[in-house]
Amino acid sequence: MLPRQDIGAYLVPDPARAVPRAEGRLKVGLVWRSHFSGGTRRMMYIGLERLTPLLDVDGVEFWSIQHATDDAERASLEEHGIRQIHGVDLFDDLEGLAAHVASMDLVIGISTVPMELAAAVGTPTWSLGFSPENYLYRTAGGRTSVDQLSRNSTIIAPPWIDFTAPYQECVDLVLAECRTRLERLVRETLHS
């Protein structure tokens, strides 16, 4: 059996579709829901508005990698200064999406195709562990923050999270932890 590797790309985007990295700021992609969000799957996703605690972190250029955004989401993206990818169908053009996520320093969100594709091309991803399904399954029952299903991925949640608390409380705790880590990453990356 080959040893597990927790980092490194295993897919390479088409070099002809390469996208430049951000200069002087971290380029961070955001994804908040899957295309299929009915029934109990809704508990594994959040709305774009729940990500606002992250959006005023200095030194970060945020990009939406969310496919199938509606008019309200697009208006909110513009209102919050979150950049949108143009000229790429984020649902059907996986090669174009791969080129974009490969240019990012980090992707934050939930487990869905854009997030897993980012990890596959070697971009670090932070999966928001506010649901027990994502957190417990991907962290070996809470024993590690290293995603057990994907390379280049960390599950973000306070180690003492209590999933018997209300859903919104879990989301708020996870986003507070994510903000703390993002601020630290900016300091370590841009100010060192």
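**Exercise 1. Is Lys 27 buried or exposed, going by its relative accessibility?**

Before we start, a word on the source: this is a predicted model, in which local features need pLDDT of at least 70, side-chain atom pairs count only at pLDDT 80 or more, and totals for chains, interfaces and linings use all residues. Residues are numbered from 1 along each chain as its sequence is written, and side-chain values use heavy atoms, with hydrogens and water left out.

*Solution.* 
- Step 1: recall the cut-offs. Buried means under 20% relative accessible area, exposed over 50%, and partly exposed in between, with a 1.4 Å probe and protein chains only.
- Step 2: apply them. Lys 27 has 2% relative accessibility, so this lysine counts as buried.
- Step 3: Lys 27 sits in strand β1; strands (E, at least two residues) and helices (H or I, at least four) are DSSP runs, numbered from the N terminus.
- Step 4: look around it. Beyond its neighbours within four places in sequence, Lys 27 has contacts (heavy atoms within 4.5 Å) that include Glu 61, Trp 63, Asp 105 and Leu 106.

**Exercise 2. Work out the strand order of the sheet, and find its edges.**

*Solution.* 
- Step 1: trace the order. The open sheet has six strands, β3-β2-β1-β4-β5-β6, with parallel pairing. Two strands pair if DSSP finds at least two bridges between them.
- Step 2: find the edges. β3 (83–84) and β6 (153–156) each have a single partner strand, so one side of each lacks a neighbour in the sheet.
- Step 3: follow β5 to its partners. Three bridges link β5 to β4, where Ile 108 is opposite Trp 126. Four bridges link β5 to β6, and here Leu 128 is opposite Ile 156.
- Step 4: check the faces of β5. Thr 125 and Ser 127 on one side, and Trp 126 and Leu 128 on the other, are all buried.

**Exercise 3. Why is helix α3 largely enclosed by the rest of the structure?**

*Solution.* 
- Step 1: count. Six of the eight residues of α3 (residues 113–120) are buried, so the helix is largely enclosed.
- Step 2: name them. The buried residues are Pro 114, Met 115, Leu 117, Ala 118, Ala 119 and Ala 120.
- Step 3: find what they pack against. Their surroundings are β1 (26–31), α2 (94–102), β4 (106–109) and β5 (125–128).
- Step 4: look just past the helix. Gly 122 takes a positive phi of about 100°.
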